[in-house]
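Me: I have a structure open and would like to go through it piece by piece. Can you take my questions as they come?

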Amino acid sequence: MNNIKLKSMLESFFIEDIGDGDITTQYLFDSKQMGEMQLIAKSPGIFCGEEIINRGVPIINPMVHSQLFVKNGDKVVEGTEIARIHGPINDLLQAERVVLNLIQRMSGIATLTAHAVDVITGTEARICDTRKTTPGLRMLEKHAVRCGGGFNHRLSLADAVMIKDNHIAYAGSITNAIRNLKNGLGHTIKIEVEIETEDQLVEAAANNVDIIMFDNCSPQTIKQWIHHVPSNITTEASGGITMDQLYNYATSGVDFISLGYLTHSASGLDISAQVHAENQMAK
């Protein structure tokens with residue numbers, strides 16, 4: 001994860017949430033009043049977000065100290081203590097919502113990804129994400145997919161070529177689209193083609209692309225068509241694939257299964273923050 005980008009993101013999130021200052025804590029607590037915040041899992045899943053805790057709260061106050069008891073990718077159950085964060089109580093309370101929102105979101109994605117990975121255990125297929133991420137949170141959400149045992153598809157439009165149906169329609173054919181692209185592309189850029197028919201598959205394979213995506217094709221269809229693909233071309237299945245279909249797709253012969261719902265439909269993992277003032281801790 002890009003630490004410079006992460007710091008900038010977190011700063012903007014805190015600015016959005018705190019605004020000109022937390023008027024509640026300003027009038028309730030002395031700035032020197034110390035306290036502790038415990039982060040506790042309230043449901044089972046996969047934790048993701050140690051960078052948020054380690055780098056997030058110190059943005060509010062560099063004197064804040066965090067102690068983590070789990071790492072990214074670790075399983076948690078109800079009652080697992082994730083971290084203790086010690087520092088001025090008004091700073092802990094100001095940081096609480098942003099930290100919780102992010103680690104709950106990331107842990108939810110990691111948990112859903114881990115479930116998908118478990119479903120296809122024993123096959124040679126791999127689970128990957130898509131660009132169907134929350135605007136502004138893509139780096140964090142894709143990081144969460146990796147923590148759950150999945151793989152990342154392209155991070156942005158600049159990472160690789162993906163020729164879709166609209167591109168093919170504009171170019172006139174897959175062959176024309178690839179020819180035009182190769183005239184301008186550097187040798188390090190991979191080309192992926194999205195196919196929906198057997199004729200498109202044969203044409204894409206004949207043009208020796210790097211990746212062929214079977215879009216909205218059933219597992220049975222992929223099994224019937226995949227013999228057209230030479231071994232040097234990576235294959236991918238995508239398009240409305242649900243959890244109960246995963247194993248059938250994983251045994252269809254494809255190398256990757258891309259799932260948009262890992263990021264656009266994941267529920268946050270239930271994590272609570274319990275903040276105690278120093279005088280309460282002593283009781």
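**Cysteines, pockets and a few residues**

Reply: Let's start with a cysteine: Cys-128 is buried, because its relative accessibility is 3%. Keep in mind that this is a predicted model.

Me: How many disulfides does a search of the whole structure find?

Reply: The search gives 0 disulfides. Cys-128 is not in one, and the nearest cysteine sulfur, that of Cys-217, is 16 Å away.

Me: Remind me what a disulfide is?

Reply: A disulfide is a covalent bond between the sulfur atoms of two cysteines.

Me: What about Cys-48, which cysteine sulfur is closest to its own?

Reply: That is the sulfur of Cys-147, at 3.5 Å.

Me: How does the lining of the largest pocket divide into nonpolar, polar and charged?

Reply: It has 5 nonpolar, 8 polar and 7 charged residues.

Me: OK, and the second largest pocket, how much space there?

Reply: About 260 Å³. Its lining has 14 residues, with Asn-152, His-153, Glu-192, Ile-211 and Glu-236 nearest the centre.

Me: Which strands each supply at least two residues of that lining?

Reply: Strand 7 (161-163) and strand 10 do. Strand 10 also supplies at least two residues to the lining of the largest pocket.

Me: What are the classes in the lining of the second largest pocket?

Reply: There are 7 nonpolar, 3 polar and 4 charged residues.

Me: Switching to single residues. Where does Glu-141 lie?

Reply: Glu-141 is in helix 5, which covers residues 138-147.

Me: Why does Glu-141 count as buried?

Reply: Its relative accessible area is 1%, and buried means under 20%.

Me: Which residues does Glu-141 touch, leaving out those up to four places away in sequence?

Reply: Glu-141 touches Arg-105, Ile-109, Thr-133, Thr-134 and Thr-263. With Thr-134 there is also a polar contact between the side chains, at 2.7 Å.

Me: Now Glu-124. Which loop is that in?

Reply: Glu-124 is in the loop between helix 4 (89-119) and strand 6 (126-128).

Me: Buried or exposed?

Reply: Glu-124 counts as exposed, because its relative accessibility is 77%. The cut-off for exposed is over 50%.

Me: How far apart are Glu-124 and Phe-256, in sequence and in space?

Reply: They are 132 residues apart in sequence, while their C-alpha atoms are 8.7 Å apart in space.

Me: You mentioned helix 4. What about Asn-90, where is that found?

Reply: Asn-90 is in helix 4. With a relative accessibility of 11%, Asn-90 counts as buried.

Me: What does Asn-90 touch, not counting residues up to four places away in sequence?

Reply: Asn-90 touches Thr-25 and Ser-31. As for Phe-29, 61 residues from Asn-90 along the chain, the C-alpha atoms of the two are 6.5 Å apart.

Technical notes:
Residues numbered from 1 in each chain as written. Predicted model: local features only at pLDDT ≥ 70, side-chain atom pairs only at ≥ 80, totals over all residues. Heavy atoms only, no water. Helix = DSSP H or I, 4+ residues; strand = E, 2+ residues; numbered from the N terminus. Nonpolar A, V, L, I, M, F, W, Y, C, P; charged D, E, K, R; others polar. 1 Å grid on protein atoms, 1.4 Å probe; cavity = no way out; pocket = protein on both sides within 12 Å on 5 of 7 lines; lining within 4 Å. Points joined across faces, edges and corners; volume = space filled by probe spheres on them. Buried < 20%, exposed > 50% of the residue type's maximum accessible area, 1.4 Å probe, protein only. Polar contact = N/O pair within 3.5 Å; in protein donor to acceptor, adjacent residues only side chain to side chain. Contact = heavy atoms within 4.5 Å. Disulfide = S-S within 2.5 Å.
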